[in-house]
Amino acid sequence: MQQPRLSPDGTKIAVRMGNKGIDYLGIIDLTKPGSKPEFFARVEEFKDVGDRTLAQWRWIGDRTVVMTYASRENIYGTRADLTRLVAYDLESKKLIPLAWEDTSVSGANILHVNHDSETLLLQRTSFENDQRAFMPEVVSVNVRDGAVKVIMRPNPVVGNWIVDGKGVVRASVGYDRDNGKTRIMYRSGDKGYLETVYNEADRTFSLSEAYPQIFLDEPDMALGTNNKDGFNKVYKFNMKTMEPVGGPIFEVSGYDVGDLIENQDGNRLMGINYVSDRPRTKWLDKRMATIQKFLDEEFGEANAQIFSSNRDYTKLLINLGGPDQAGSIYLYDVQSGDFQLLGHRYAALRDMKLNPMKTIRYKASDGETIEAFLTMPRHRPNAKKLPMVMITHGGPFGPRDMLSFDVWAQAIAEMGYVVVQPNYRGSGGYGREWIKKGRDNGFGLRMQDDLNDAVDHLANEGIVDPKRVCMMGWSYGGYASARAAQRDPDRWRCTIAGAGVYDLPEMRKYDVSYLGSFGSNYLAKGAAELTDVSPARNAKGKWSPILIVHGARDQRVPVAQAKLLVNALKAAGKKQGVDFEYVEQKENTHNFPFEADQIEWLESAEKWLAKHNPAYVESDADKPVPVAISSK
């Protein structure tokens with residue numbers, strides 16, 4: 001089960017489920033206990049024509065599900081994600097395209113929902129007089145009949161519109177790709193023009209801008225987050241000055257806060273999502289805080305996460321499970337106290353406990369303390385000096401790993417490996433300075449040292465054998481794996497690189513078009529230095545054996561990057577099948593839209609590890625345990 005969403009009246013659930021090997025979106029009618037789901041949309045219905053897939057869904061009123069379809073298309077010579085909305089009418093059983101006419105590229109950004117009138121505010125890019133137009137407008141859409149009404153016309157300096165809880169456009173955000181300035185414009189009500197209140201560039205790339213997230217019922221006051229004091233905290237802002245009013249409303253020591261949870265009217269803060277070691281929610285609403293306290297006491301702290309509710313929060317969908325469990329979905333009736341099991345995220349795994357996870361902290365060689373997450377193979381509880389696979393997250397600046405169920409980590413640990421996931425400097429969630437430390441001479445240098453230092457720490461603890469370690473990662477993690485194979489071949493038995501950047505000067509040229517001349521500087525290095533830390537520019541000499549996997553439809557990191565590396569390795573005399581292997585996935589993008597590609601990624605990794613760093617060797621005291629699935 002994926003992304004279950006409860007209807008506003010609490011009587012139905014829209015959920016993605018597998019049926020005979022095919023994923024569908026379906027409706028579960030809670031008023032008919034035991035009834036089978038009504039499937040109405042195949043998730044990969046349009047896979048053969050432009051990679052179109054069902055990306056997400058939500059309720060508008062109690063009788064309409066609105067779905068987002070996304071497809072990878074050639075838009076004026078550039079591959080881009082084209083998005084559209086489709087409504088499913090539960091009464092007529094009909095699918096209704098919403099605002100497709102005159103929409104150019106983006107047509108699925110819902111800004112506001114009115115469940116009573118069954119309308120939504122949609123931000124979309126549009127065609128004007130048959131000309132290309134990529135700046136967005138705002139339209140009101142009736143989901144019952146598809147009627148469209150223009151609310152705000154496109155503005156050349158606006159990239160995104162922001163509305164208040166009443167559905168009034170109150171602010172906008174624009175970004176200049178060449179000078180890096182973010183422009184925020186604002187108006188006090190529903191009349192008059194928007195005026196510029198902020199127009200600056202974040203040259204540290206540390207996500208320092210403040211955006212209004214909840215407009216309060218106080219003149220010109222809004223809530224948002226900002227890291228001006230080092231860590232992302234919740235503040236009340238004066239929108240005319242963009243200055244905080246008073247101190248932080250909520251903060252977490254040593255970590256950034258995340259998304260704000262607003263009430264149904266969109267004018268009050270109910271809670272804050274954040275990640276310390278684990279995903280957590282701090283409820284400011286007294287009633288919800290009481291419910292969360294009960295859940296924590298009953299099931300263990302942070303094991304029960306509320307992720308969907310009906311209109312009045314009397315029925316809640318809860319994901320229940322620890323970091324070593326795939327998780328199960330329950331319906332909690334707050335008034336009656338009933339808990340109803342709806343299903344499991346993975347039917348085969350159910351709620352069984354898999355490989356245990358824990359948080360560790362280690363000292364880097366320069367004295368910095370780094371948080372990491374360790375998954376231990378459950379079949380080898382007392383073994384020492386085990387083989388290890390490091391899984392390095394993407395980004396690098398912003399994303400992070402956490403203490404939560406991770407499909408890749410669990411799959412690798414089940415094979416018999418220790419898995420470690422370090423939040424090296426540059427990772428998100430640890431404040432502005434941690435990101436800046438990754439950018440300051442970090443890419444391919446100090447950040448790689450952080451990864452090596454994790455191996456040394458675990459070896460000193462007697463947990464892993466430092467001569468039996470491999471690295472695996474996707475996106476930046478793919479780059480880090482290739483850089484490890486090239487820079488430190490004596491340390492790593494093998495590496496597995498997915499969707500990585502391997503020629504940084506060429507990537508910068510690509511990013512000038514993709515991100516703009518300012519945004520392309522996220523690498524924070526000059527061309528000569530980029531060459532020094534580019535694996536494809538340094539293919540000669542000793543390398544660790546490397547598996548290279550890339551999606552042919554990857555827009556963020558084009559498949560040309562993988563081909564550059566493969567060609568460079570061949571030119572350096574390295575042999576395919578011995579020194580390296582290359583797997584090109586024809587359907588994959590940068591984000592694994594299809595399960596088959598993720599399975600191929602893991603199976604390819606399993607074979608590469610078995611060849612170059614087997615989980616069990618003759619000298620081990622224990623032997624492989626046959627894979628068996630049991631919920632007992």
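The radius of gyration is taken over C-alpha atoms, and the globule rule against which it is compared is 2.2 Å times the number of residues to the power 0.38. For the 632 residues of the chain, a compact globule would have a value near 26 Å, and the 25 Å of the chain agrees with this. The structure is a predicted model, in which local features need pLDDT of at least 70 and side-chain atom pairs count only at pLDDT 80 or more, whereas totals for chains, interfaces and linings use all residues. Residues are numbered from 1 along each chain as its sequence is written, and side-chain values use heavy atoms, with hydrogens and water left out.

Along the principal axes, the C-alpha trace spans about 70 × 55 × 50 Å. The chain contains 10 helices and 35 strands, assigned as DSSP runs (helices H or I, at least four residues; strands E, at least two) and numbered from the N terminus. Of the 632 residues, 55% count as buried (under 20% relative accessible area, with exposed over 50% and partly exposed in between; 1.4 Å probe, protein chains only). Contact means heavy atoms within 4.5 Å; among contacts between residues at least 6 apart in sequence, 54% join residues at least 24 apart.

Helix H2 (residues 407-414) packs with helix H10 (residues 595-612) at an angle of about 35°, the axes being 11 Å apart. Axes are lines fitted to C-alpha atoms, for helices over the stretch in contact, and angles run from 0 to 180 degrees between N-to-C directions. The crossing of H2 and H10 is right-handed, that is, the near helix is turned clockwise from the far one by less than a right angle. On the H2 side, Val407, Trp408, Ala411 and Ile412 meet Gln598, Trp601, Leu602 and Leu609 of H10. The residues of this contact comprise 7 nonpolar, 1 polar and no charged.

Asp29 lies in strand E3 (residues 22-29) and, at 22% relative accessibility, counts as partly exposed. Its side chain makes a polar contact of 2.5 Å with the side chain of Thr31. Beyond neighbours within four places in sequence, Asp29 is in contact with Thr11, Lys12 and Ser35. Asp29 and Ile13, 16 residues apart in sequence, are 6.7 Å apart in space, C-alpha to C-alpha.

Technical notes: Nonpolar A, V, L, I, M, F, W, Y, C, P; charged D, E, K, R; others polar. Polar contact = N/O pair within 3.5 Å; in protein donor to acceptor, adjacent residues only side chain to side chain.
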